[in-house]
Amino acid sequence: MTFEPIWGAIIAWYLFLAGLGGGAFVTSAFLGWKHPEAVKMRKIGHVIAPVVVIVGLVLLMFDAEGGLHNPLRFALLLTNFGSVMTWGVVFLAGFTVVALVVVLLDFLKRPVPVWLDIVGVVFALCVAMYTGALLGVCKTFPLWNNALLPILFLVSAMSAGMASVLLVSIVRHADEFNRVGVLKKFHFCLPIIELVLVASLLFVTSSNSTAGWNSVVSLVAGEFAPWFWVGLVLIGLVLPTVLETWLLFFSPREFEESRKAHWISFGSDVGVLVGGFLLRYLVVVAALPVTMVVPML
């Protein structure tokens with residue numbers, strides 16, 4: 001008997017947007033710590049965070065089997081604190097409330113208290129890691145039931161969140177974008193770490209079962225190989241790393257602050273976002289279950 005996955009592209013969007021929102025909030029907190037002068041960029045992250053998470057939750061409600069027809073199913077999640085899904089609801093609800101309060105404070109032109117920033121960062125990190133732990137609940141899928149997946153999704157979420165804030169800042173606040181060198185260098189490191197984690201995840205998965213091996217083969221040499229190599233690895237990880245290496249370490253300072261360089265960074269950040277979604281989509285659709293043979297009675 002084989003258990004087939006019931007999740008698809010909409011769930012991948014939910015996982016991506018939830019992680020992106022957490023990453024955007026952490027980016028704003030990082031800017032407040034390292035680049036307090038980047039006030040407008042911080043506000044961009046504050047707006048992105050709750051908006052994308054709410055959109056992701058709406059998609060989840062539409063995709064959940066019977067979710068809109070029987071809303072009480074969602075309420076029942078709050079009664080089982082031994083469930084990863086229950087904790088996910090808690091993390092998402094707490095994060096959304098904090099993120100909306102921060103947006104309101106920005107609108108009222110009042111400073112965000114440090115303690116509220118810290119609470120928001122904790123919830124954001126929990127949301128980002130939860131998106132990986134949620135898949136791990138399905139223990140019959142080796143690609144999902146892997147301790148590296150929450151870590152990979154966390155790193156990817158931080159990278160996507162930073163990319164979203166930087167991308168919007170290039171268009172709206174180029175002057176601040178030019179001054180956030182520490183954030184850019186930190187963001188530069190994340191696709192490299194992500195690439196190592198992806199390779200590690202595939203190696204571990206391929207060696208633990210036949211289903212794991214087949215899942216990895218479908219990614220690297222099967223039907224999903226073009227999306228994996230071109231979309232995730234090349235566009236999402238390698239190309240952004242190459243472009244940012246050149247811009248940050250080898251291009252003249254004058255060129256780095258030019259409009260042409262801004263558009264190169266814009267393309268790099270778009271690639272990171274594309275890779276962030278494809279990572280989750282491929283992990284969801286390529287996972288194959290362990291086949292269980294039920295003896296005939």
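1. In what follows, Ala, Val, Leu, Ile, Met, Phe, Trp, Tyr, Cys and Pro count as nonpolar, Asp, Glu, Lys and Arg as charged, and the others, Gly among them, as polar. On that basis, the lining of the second largest pocket comprises nine nonpolar, two polar and six charged residues. A pocket here is an open set of points on a 1 Å grid over the protein atoms alone, where a 1.4 Å probe fits, with protein on both sides within 12 Å along at least five of seven lines; lining residues have an atom within 4 Å of a point.

2. The model is predicted: local features need pLDDT of at least 70 and side-chain atom pairs pLDDT 80 or more, while totals for chains, interfaces and linings use all residues. Residues are numbered from 1 along each chain as its sequence is written, and side-chain values use heavy atoms, without hydrogens and water.

3. Of the 17 residues lining the second largest pocket, Arg-42, His-46, Asp-106, Pro-111 and Val-112 lie nearest its centre. At least two lining residues come from each of helix 1 (9-34), helix 2 (39-63), helix 4 (84-107) and helix 5 (114-136); helices are DSSP runs (H or I, at least four residues), numbered from the N terminus.

4. Ala-18 belongs to helix 1. Ala-18 counts as buried because its relative accessibility is 3% (buried means under 20% relative accessible area, with a 1.4 Å probe and protein chains only). Leaving aside residues up to four places away in sequence, Ala-18 touches Val-53, Leu-92, Val-127 and Thr-131 (contact means heavy atoms within 4.5 Å). Ala-18 and Thr-131 are 113 residues apart along the chain, yet their C-alpha atoms are separated by 7.5 Å.

Methods
Buried means under 20% relative accessible area, exposed over 50%, partly exposed in between (1.4 Å probe, protein chains only).
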